[in-house]
Amino acid sequence: MLALSKVNMKNAKKLDELNEFLVGFCKVNGNVLVETLISIALQLFDHSEEELREHIVNNKLFRYYVMLDYKYIESLDSKMIVAMYSDYYYVMDRLDENRKKYALLSNSNFDLDMYKNIFYNNFDTSNKIVSKFLREIKALPFFWNRTLEEFRICALLNEGREELKESISNVPILKMEHIDLTNFFDLMDKALDDMPSGALNGMTPNQYYKKSKETIEHDIKKEKEYVKQTNAHLNEKDAKKFYDLYFSLLEYVNNKYHINTSLKKIYKQHFLDPNTLVPVIEYLFSDKENIIDSYIIENPHKFTKDDLNVIKKFKDGIRETVVIAKFEEEYTGVVSDYKVYMIKGVNSNIDEIISYKQLPYLVIMTLLPFKDVIIYDGIMTGIPVGLGVNFAKMVENDYNKNMKYYHL
């Protein structure tokens with residue numbers, strides 16, 4: 001019985017810690033996509049995705065502080081469930097507008113102790129500057145509770161410092177006693193600069209300024225190092241041959257396995273919507289060995305032995321998430337699982353499709369051997385996530401140190 005009690009206490013403690021983080025995170029950020037909240041919690045806690053989702057939807061303590069609502073997310077063109085800290089519902093529109101100004105940067109530092117501290121104290125009292133500010137404001141001869149609430153909103157939105165200073169300056173008792181607030185306001189600015197802000201995606205202004213500087217420096221470096229591609233795709237004859245062979249294979253897969261019944265013809269078709277081909281490609285790569293063997297036996301379009309050998313080598317192809325890392329004059333470098341593949345486009349250079357300014361760029365891509373090079377099949381699905389300077393540096397490091405593969 002005692003052992004069971006200890007287990008229950010341990011589970012309760014873990015549950016408390018989870019709530020402290022989840023509510024603290026929502027309190028700092030104002031609102032957050034539930035999917036994002038789950039993704040971050042998965043990194044910090046030993047819970048499954050299903051358990052976290054169940055907790056967010058049904059835990060009474062969490063729901064006491066946090067509301068769930070559907071919200072249209074413009075960048076995703078979809079309605080998503082958002083977790084919103086209840087006390088801040090009246091400033092959500094302002095928060096979303098301010099956040100758009102800083103959308104290029106995201107926070108990757110998830111300090112569990114800081115969020116727990118904020119859950120209990122509204123502020124990170126372990127931060128010496130913030131703690132000193134709290135002592136100073138409580139020492140002033142006026143009702144500071146309401147001012148602290150305004151201070152939290154000021155930090156959340158990353159705006160309104162001057163209005164808040166003016167409001168404090170006009171407090172009658174402070175004016176009557178001729179209290180000099182110069183040092184206090186200086187401390188207030190330092191405290192706000194060191195407080196996480198929802199408008200800054202959970203970063204402090206100090207962190208944001210530092211990250212902004214790194215981003216600018218990285219963009220300048222990227223501009224200097226960019227080499228415009230001149231011969232990074234197949235010639236016209238080879239491009240036509242590739243699409244004849246590849247589209248023949250895709251038509252065979254689609255018709256034999258009834259992937260898209262509204263799409264009858266793929267072979268020798270032009271201006272096909274790439275999105276209609278993706279499910280067919282996915283099915284092909286789910287069992288590429290057997291499907292390609294079956295195709296070669298049937299040879300529906302009566303290709304020569306040499307052409308069938310080209311298709312047979314497609315069995316060495318890969319379809320996965322990769323990072324487009326760098327444009328070289330004659331190749332595009334993509335990074336996958338510590339390998340760097342040097343690939344060519346089919347009809348055009350890839351830097352005509354993806355700007356060098358977007359690199360590193362995360363995509364789902366099909367890489368295939370064709371003749372003596374690696375190509376992608378001309379269809380890529382971009383993954384709309386901000387990768388940040390630190391990720392870009394990691395990709396650059398992998399690109400520079402790992403072996404380059406020019407053949408599959």
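Me: In this predicted model, which residue of E3 stands opposite Lys-71?
Reply: Lys-71 faces Met-80 in E3.

Me: What makes strands E2 and E3 a pair?
Reply: Pairing requires at least two bridges between two strands. Strand E2 (residues 66-73) and E3 are joined in the antiparallel sense over eight bridges, and they therefore count as paired.

Me: Why is E1 also called a partner of E3?
Reply: Strand E1 (residues 31-33) runs antiparallel to E3, with three bridges between them. The cut-off is at least two bridges, so E1 and E3 pair. Within this pairing, Asn-31 has Met-84 in E3 as its bridge partner.

Me: How do you know that E7 pairs with E4 and with E8?
Reply: The bridge counts decide the matter. Strand E4 (residues 318-327) and E7 are antiparallel and share seven bridges; here Thr-321 stands opposite Ile-364 in E7. Seven bridges also join E7 to strand E8 (residues 373-382), again in the antiparallel sense, and Val-363 stands opposite Gly-382 in E8. Since at least two bridges are needed, E7 pairs with E4 and with E8.

Me: What else is recorded for E7 and for the hairpin that E7 forms with E8?
Reply: Strand E7 (residues 361-370) is mostly covered, with eight of its 10 residues buried. The hairpin of E7 and E8 has two residues between the strands, and Lys-371 takes a positive phi near 55 degrees there.

Me: Why is the contact of Arg-53 with Glu-49 called a salt bridge?
Reply: Side chains of opposite charge can pair when their charged atoms come close. The closest N and O atoms of Arg-53 and Glu-49 are 2.7 Å apart; the limit is 4 Å, so the contact qualifies. Arg-53 and Glu-49 both lie in helix H3 (residues 49-58), four residues apart, about one turn of the helix.

Me: Why are Arg-53 and Glu-49 described as partly exposed?
Reply: The class lies between the limits of 20% and 50% relative accessible area. Arg-53, at 29%, falls in that range and therefore counts as partly exposed. Glu-49, at 36%, is partly exposed for this reason too.

Me: What makes Arg-94 and Glu-159 a salt bridge, and where do they lie in the chain?
Reply: Their side chains meet at 2.4 Å, N to O. The pair links distant parts of the chain, with Arg-94 in helix H5 (residues 92-101) and Glu-159 in the loop between helix H8 (144-157) and helix H9 (161-169), 65 residues apart. The distance lies within 4 Å, so the salt bridge is counted. Arg-94 has a relative accessible area of 43% and is partly exposed; Glu-159 is partly exposed as well, at 28%.

Me: How many salt bridges does the structure hold, and which residues form a network of them?
Reply: The structure holds 26 salt bridges. A network of salt bridges links Arg-161, Glu-162, Lys-165, Asp-189 and Asp-193.

Me: Why can Tyr-90 belong to a nonpolar surface patch?
Reply: A patch residue needs over 30% relative accessible area. Tyr-90, at 48%, passes that cut-off, and it counts as partly exposed. Tyr-90 is placed in the loop between strand E3 (78-85) and H5. Together with Met-67 and Tyr-89, Tyr-90 forms the patch, which has about 350 Å² of accessible area.

Me: What is known of the second largest pocket?
Reply: The volume of the second largest pocket is about 510 Å³. Of its 22 lining residues, the closest to the centre are Tyr-243, Phe-247, Gln-269, His-270 and Asn-347. Helix H13 (236-257), H14 and E8 each give two or more residues to the lining, and H13 supplies the largest share, six residues.

Me: How many cavities of 30 Å³ or more are counted, and which residues line the largest?
Reply: The count comes to one cavity of 30 Å³ or more. The largest cavity has a volume of about 30 Å³, and its lining is formed by Cys-154, Ala-155, Asn-158, Glu-159, Arg-161, Leu-192 and Pro-205.

How values were computed
Residues are numbered from 1 along each chain as its sequence is written. This is a predicted model: local features need pLDDT of at least 70, side-chain atom pairs count only at pLDDT 80 or more; totals for chains, interfaces and linings use all residues. Side-chain values use heavy atoms; hydrogens and water are left out. Buried means under 20% relative accessible area, exposed over 50%, partly exposed in between (1.4 Å probe, protein chains only). Patches are made of residues with over 30% relative accessible area and no salt bridge: like charges are joined within 9 Å, nonpolar side chains (Val, Leu, Ile, Met, Phe, Trp, Tyr) within 5 Å. Accessible areas come from the Shrake-Rupley method with a 1.4 Å probe; for residues, only the protein chains shown count as cover. On a 1 Å grid over the protein atoms alone, a cavity is a set of points where a 1.4 Å probe fits but cannot get out, and a pocket is an open set with protein on both sides within 12 Å along at least five of seven lines; lining residues have an atom within 4 Å of a point. Grid points are joined across faces, edges and corners, and a volume is the space filled by probe spheres set on the points.
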